[in-house]
Amino acid sequence: MLKLYGTPPTRVLRVIWLLNELGLEYETHPIDLLKGEAQREDFLALNPAAKVPVLVDGDLVLTESAAIQLYLAEKYPQAGFIPESLAERAQMYRWIFFLVTEIEQPLWRIARHTFLYPQPQRLPQDVELAQRECRRMVAVLEQQLQGREFIAGDRLSVADFNAAYTLDWADAVQLLDDAPRLKDYLQTMYARPTAPSRIADGIAATDA
């Protein structure tokens, strides 16, 4: 059986969404990053980078949430989450890479300098810069979705499940205020019965 290591509201939610959509059974192995559980020797043997998620499928150990999403979609092609045409696959890859490099990275900087780093290492000015950069890239995606239902092509693809999580993260830190189309897109995606929990809900549960 598939094994998934990680704990919401981290990027493990990207993988959970694909597993749900594909109707796959899997074992969950919670890893609390804030408690240092990713530094355990047994977990480092799976991912020396000490990050989640990690998917174990038989002898295959796979890290990086976007790579895991693509792997699952390719292994179970009946769902059609990988476009058939080369041009549409290229667009799917384009927007996945855009999301993880241009939107997710400033979100990570905000998280690091807001609560992950020890207080003396936090740089408020970097938070402001990251917010500005993130809003600029959100605006690019807002334009892409004008008149469109999906990120790439004319049906759901891995790019949509990647985008929904990433944009939900941006929404949780109030960076979608000027992106009404993306807010509507998020509502549509998270209305799916297979959708995982929202990031804001996970943060609230952690704080509680």
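## Salt bridges around E104

R11 and E104 form a salt bridge, with 2.5 Å between the closest N and O atoms; a salt bridge here is a side-chain nitrogen of Lys or Arg within 4 Å of a carboxyl oxygen of Asp or Glu. This pair joins distant parts of the chain, as R11 sits in the loop between strand 1 (2-5) and helix 1 (12-22) while E104 belongs to helix 4, 93 residues apart. Helices (H or I, at least four residues) and strands (E, at least two) are DSSP runs numbered from the N terminus. The model is predicted, local features need pLDDT of at least 70, side-chain atom pairs count only at pLDDT 80 or more, and totals for chains, interfaces and linings use all residues. Residues are numbered from 1 along each chain as its sequence is written, and side-chain values use heavy atoms, with hydrogens and water left out.

E104 also forms a salt bridge with R14, where the closest N and O atoms are again 2.5 Å apart. E104 lies in helix 4 and R14 in helix 1, so this pair ties together parts 90 residues apart in sequence. R11 is buried at a relative accessible area of 13%, and E104 is buried at 2%; buried means under 20% relative accessible area, exposed over 50%, and partly exposed in between (1.4 Å probe, protein chains only). R14 is buried as well.

D168 pairs with R198 in a salt bridge whose closest N and O atoms are 2.7 Å apart. D168 is in helix 6 and R198 in the loop between helix 7 (180-190) and helix 8, 30 residues apart. Both D168 and R198 are buried. A network of salt bridges links D168, D171, K183 and R198. The count of salt bridges comes to ten.

## D57

D57 lies in strand 3 (residues 54-57). D57 counts as buried because its relative accessibility is 17%. Leaving aside neighbours within four places in sequence, D57 is in contact (heavy atoms within 4.5 Å) with L2, Y71 and K75.

## The largest pocket

The largest pocket holds about 1,200 Å³ of space. Its lining has 44 residues, and T10, L33, W108, F115 and L116 lie nearest the centre. Helix 4 gives the largest share of this lining, eleven residues. Helix 3 (65-75), helix 4 (86-116), helix 5 (124-144), helix 6 (158-172) and helix 8 (199-207) each supply at least two residues.

On a 1 Å grid over the protein atoms alone, a pocket is an open set of points where a 1.4 Å probe fits, with protein on both sides within 12 Å along at least five of seven lines; lining residues have an atom within 4 Å of a point.

Technical notes: Grid points are joined across faces, edges and corners, and a volume is the space filled by probe spheres set on the points.
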